Amino acid sequence: MKPKACVVVYPGSNCDRDAHYALEINGFEPRFVGLDDRLDDYELIILPGGFSYGDYLRPGAVAAREKIASEIRKAAEKGKLIMGICNGFQILIEMGLLKGALLQNSSGKFICKWVDLTVEDTNSPFTNAFTPGERIRIPIAHRFGRYVKIDEVNVALRYVENVNGSDERIAGIFNEEKNIFGLMPHPERAVENLLGGEDGRKVFQSILNYLKR
């Protein structure tokens, strides 16, 4: 049996199909879910990248108050795996499920390019297929991706270079229990060499390893 995973589609999501495809080719049974759906049947929930509600107010602020937010909170409390990518990370921050803030890049500009990262913590459901300190290459595409710490956090990924002004070059974090993962880089866009690289595939392989255990 393949693990069941879902991708939450908000008005303005634009990486939902990428996430669905990445799940499909990495051994999951993926489904799209809408804002009125329930999440009880899924072992993994992905909040994809994009511009939910056009980034009005703040990126992720409106989506974080949608009806499905209560379902996401219940899943989090049950210890289910939740991954927020780019705009999904912003939504998790706005929901208070991850600590910190995501502000405008220090350049004030939208950045879209491949970046080098180091994997800081491999003791998690999302990173166990990596080796500690492994250097990987995954694309970013954001304007509000500058991570600001307001408390100590479990750092998952760091940028090798200071691409957007993030505190301590932080690119991704876990919650305390490590069942929630938020990151600005797009692993779903790095699952095949045809796309430019496949380092992102190990994120999905890690999740699969964890769920199969």
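The largest cavity has a volume of about 40 Å³. This is a predicted model, where local features need pLDDT of at least 70, side-chain atom pairs count only at pLDDT 80 or more, and totals for chains, interfaces and linings use all residues. Residues are numbered from 1 along each chain as its sequence is written, and side-chain values use heavy atoms, with hydrogens and water left out.

**Exercise 1. Find which residues line the largest cavity, and sort them by class.**

Step 1: On a 1 Å grid over the protein atoms alone, a cavity is a set of points where a 1.4 Å probe fits but cannot get out, and lining residues have an atom within 4 Å of a point. Grid points are joined across faces, edges and corners, and a volume is the space filled by probe spheres set on the points.

Step 2: count. One cavity of 30 Å³ or more turns up.

Step 3: list the lining. It consists of L39, D40, E71, K74, A75, K78 and K80.

Step 4: sort. Two lining residues are nonpolar, none is polar and five are charged. Here Ala, Val, Leu, Ile, Met, Phe, Trp, Tyr, Cys and Pro count as nonpolar, Asp, Glu, Lys and Arg as charged, and the others, Gly among them, as polar.

**Exercise 2. Trace the salt bridges of D40 and place its partners.**

Step 1: recall the criterion, a side-chain nitrogen of Lys or Arg within 4 Å of a carboxyl oxygen of Asp or Glu. The whole structure holds 17 such salt bridges.

Step 2: take the partners in turn. R38 and D40 pair at 3.0 Å, N to O, while the closest N and O atoms of D40 and K78 are 3.6 Å apart. D40 sits in the loop between β2 (29-33) and β3 (44-47), and K78 in the loop between α2 (68-77) and β4 (81-85), 38 residues apart. Helices (H or I, at least four residues) and strands (E, at least two) are DSSP runs, numbered from the N terminus.

Step 3: check accessibility, with buried under 20% relative accessible area, exposed over 50% and partly exposed in between (1.4 Å probe, protein chains only). R38 is exposed at 53%, D40 is partly exposed at 37%, and K78 is exposed at 56%.

**Exercise 3. Work out why the E120 and R158 pair ties together separate parts of the sequence.**

Step 1: confirm the bridge, which is 3.4 Å, N to O.

Step 2: locate both ends. E120 is in the loop between β6 (111-119) and β7 (135-142) and R158 is in strand β9, so the pair joins parts 38 residues apart in sequence.

Step 3: compare the ends. E120 is partly exposed at 38%, whereas R158 is buried at 18%.

Step 4: return to D40. Salt bridges with shared partners link R38, D40, E71, K74 and K78 into one network.

**Exercise 4. Decide where the buried residues of α2 lie around its axis.**

Step 1: list them: I68, A69, E71, I72, A75 and A76.

Step 2: look down the axis. The buried residues of α2 fall within an arc of 160 degrees (from the directions between the helix axis and the C-beta atoms), so they line one face of the helix.

Step 3: see what covers them. The cover includes β1 (4-8), β2, β3, β4, α3 (87-95) and β11, where contact means heavy atoms within 4.5 Å.

Key: On a 1 Å grid over the protein atoms alone, a cavity is a set of points where a 1.4 Å probe fits but cannot get out, and a pocket is an open set with protein on both sides within 12 Å along at least five of seven lines; lining residues have an atom within 4 Å of a point.
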